[in-house]
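Subject: Structure handover and notes

Hello,

Here is the structure for your files. My notes on it follow below.

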Amino acid sequence: MKIAQDSYSVSEITGLIRESLEGRFQSITIVGEISNCKSANSGHLYFNLKDPGAMIQAVMFRFKSRSLGFEPRDGMKVKAFGSITVYPPRGNYQILVESMRQAGLGDILAELEERKRLLASEGLFDQERKRPLPRLPSRVAVITSPGGAAIRDILSILKRRNCGVDIVILPAAVQGAAAPAELVSRIEEANHFALGDVIIIGRGGGSLEDLLAFSDEAVVRAVAGSCIPVISAVGHETDWSLCDFAADLRAPTPSAAAELVSESRAVIAREIGQLAAGLEASMRSRLDATRSLVMRFDPGAVEAYFMRLVSPLARREAESRDCLSRSMAEILASSARRLDRARRDLELSSPQAVMERGFAIVRRMKTGRALRSVEGLALGEALQVRFAEGELDASIQEIHR
């Protein structure tokens, strides 16, 4: 409705703009980087095309998007073919995409890919570095925006599943220029003061640009260097950041991260019940087996069993005792025979025995030495003669050589 000659209603001016744009740009090609790409339940694809200086909204209906040979995602550089349309209820203009093909990686995605390659070459994303999460943490540190949907989801999940877990909220900006420094500071604080058994770092969903803080090199290094295990919960399941690769575990959403650190009380109670039932069944089985074994034996059977064990040992003991007695008797008899022979030999070699057979011992009186020869003797020298019984003194009258 025209209000004055030079005045237009909103609908009228929007209609004129629509006629001008749609009439002039019926078939165009736009090159840009995909941003904030979303697929609706209807199958239609909604996204933005941007470059460093401007952005335009785009829509691709389901029957057109089916023919795509790739999956559109944030940061991807594409060539979109279609026409410009105006949506009067919102006063927006957009490109209605008929077909689309890839034109290479966008600047942001290319930068992230290069950063990912460099950090991976340092081993920050290696699987061997990742640590298991504690199954039942007593305290969880959450690094996120205190006013965002992520913290509300986390608190709701923890309250429902296990309210015994303590939560330490470390507030930080999750997008914008100040976000990386705040995120790094909160990670360092959590480690320095041991504020949790596990750290959840993340935010709700958003475009690739919204999530850039979680791909900042300083943030990624802080996550990789944390002494406390870290769960990265950035965006929705299809979103990604470099923190996802450096963290010990990636959760598809903040709610999923809360479920990972909060074992359900019902699940714990059920497992305890199952373990108790298993333990009781095992003890009953062992008791029944022992009782059955004991009942098989009466006193007579036990005695017979014992005798079967002892009899071989007793027989070996008796045989060993007899063998030892025989050996000792033989040793004693042999020793007695040797002693008797030694005694006879000693008697035969005794000077007394020789003298009893008629021999005598002759000694020089002045030296007392026994004589074996007449050499050195002189006439008249005094001698002493000893017999088996008695002795006498004599002197030399004659010497016969």
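How do strand 2 and strand 3 pair, and over how many bridges? Strand 2 and strand 3 (residues 54-60) pair in the antiparallel sense over seven bridges. Two strands count as paired if DSSP finds at least two bridges between them. Helices (H or I, at least four residues) and strands (E, at least two) are DSSP runs, numbered from the N terminus.

Before the rest, two notes on the source. This is a predicted model, in which local features need pLDDT of at least 70 and side-chain atom pairs count only at pLDDT 80 or more, while totals for chains, interfaces and linings use all residues. Residues are numbered from 1 along each chain as its sequence is written, and side-chain values use heavy atoms, with hydrogens and water left out.

Strands 1 to 3

Strand 2 also pairs with strand 1 (residues 28-39), in the antiparallel sense and over five bridges. Tyrosine 46 in strand 2 stands opposite lysine 38, and tyrosine 46 also stands opposite valine 59 in strand 3. The hairpin of strand 1 and strand 2 has five residues between the strands, and glycine 43 in this hairpin takes a positive phi near 100 degrees. The hairpin from strand 2 to strand 3 runs through two residues. Five of the seven residues of strand 2 (residues 45-51) are buried, so strand 2 is largely enclosed by the rest of the structure. Buried means under 20% relative accessible area, exposed means over 50%, and partly exposed is in between (1.4 Å probe, protein chains only).

Serine 65 is in helix 2 (residues 62-65) and counts as buried, at 17% relative accessibility. A polar atom of the serine 65 side chain lies 3.0 Å from the backbone oxygen of arginine 62. That falls under the rule for a polar contact: a pair of N or O atoms within 3.5 Å, where within protein one must be able to donate a hydrogen and the other to accept it, and residues adjacent in sequence count only if both atoms are side-chain atoms. Neighbours within four places in sequence aside, serine 65 is in contact (heavy atoms within 4.5 Å) with Gly43 and Met60.

The parallel sheet and the cores

Five strands form an open sheet with parallel pairing, in the order 7-6-8-9-10. Strand 7 (166-171) and strand 10 (249-250) are the edge strands, each pairing on one side only. Strand 6 and strand 8 run parallel and are joined by four bridges; alanine 141 has isoleucine 199 in strand 8 as its bridge partner.

A nonpolar core is a set of buried Ala, Val, Leu, Ile, Met, Phe, Trp, Tyr and Cys residues joined through side-chain atoms within 4.5 Å. The largest has 31 residues, and among those with the most contacts inside it are Ile143, Leu183, Ile199 and Phe214. Elements that each supply at least two residues of this core include strand 6 (139-144), helix 5 (179-192), strand 8 (198-203) and strand 9 (230-234). A second, separate core has 18 residues, including Leu49, Phe70, Met76 and Val78.

Serine 232 is in strand 9 and counts as buried, at 0% relative accessibility. Leaving out residues up to four places away in sequence, serine 232 touches Ile201, Cys243 and Asp244, among others.

In helix 8 (residues 254-261), the residues Pro254, Ala256, Ala257, Ala258 and Val261 are buried. The cover over the buried residues of helix 8 includes strand 6, helix 4 (149-161), strand 8 and strand 9.

Cysteines

How many disulfides are there? With a disulfide taken as a pair of cysteine sulfur atoms within 2.5 Å, the count is zero. Cysteine 243 is in no disulfide, and the nearest cysteine sulfur, that of cysteine 227, is 17 Å away. Cysteine 243 counts as buried at 0% relative accessibility, whereas cysteine 323 counts as partly exposed at 40%.

Aromatic pairs

Rings of Phe, Tyr and Trp (its six-membered ring) pair if their centres lie within 6.5 Å; planes under 30 degrees apart count as stacked, over 60 as edge-to-face and the rest as tilted. There are three aromatic pairs by this rule. Phenylalanine 61 and phenylalanine 63 are stacked, 6.4 Å centre to centre with 20 degrees between the planes. Tryptophan 240 and phenylalanine 245 form an edge-to-face pair because their planes are at 70 degrees, with the ring centres 6.3 Å apart. Ring pairs link Phe125, Trp240 and Phe245 into a cluster.

Regards
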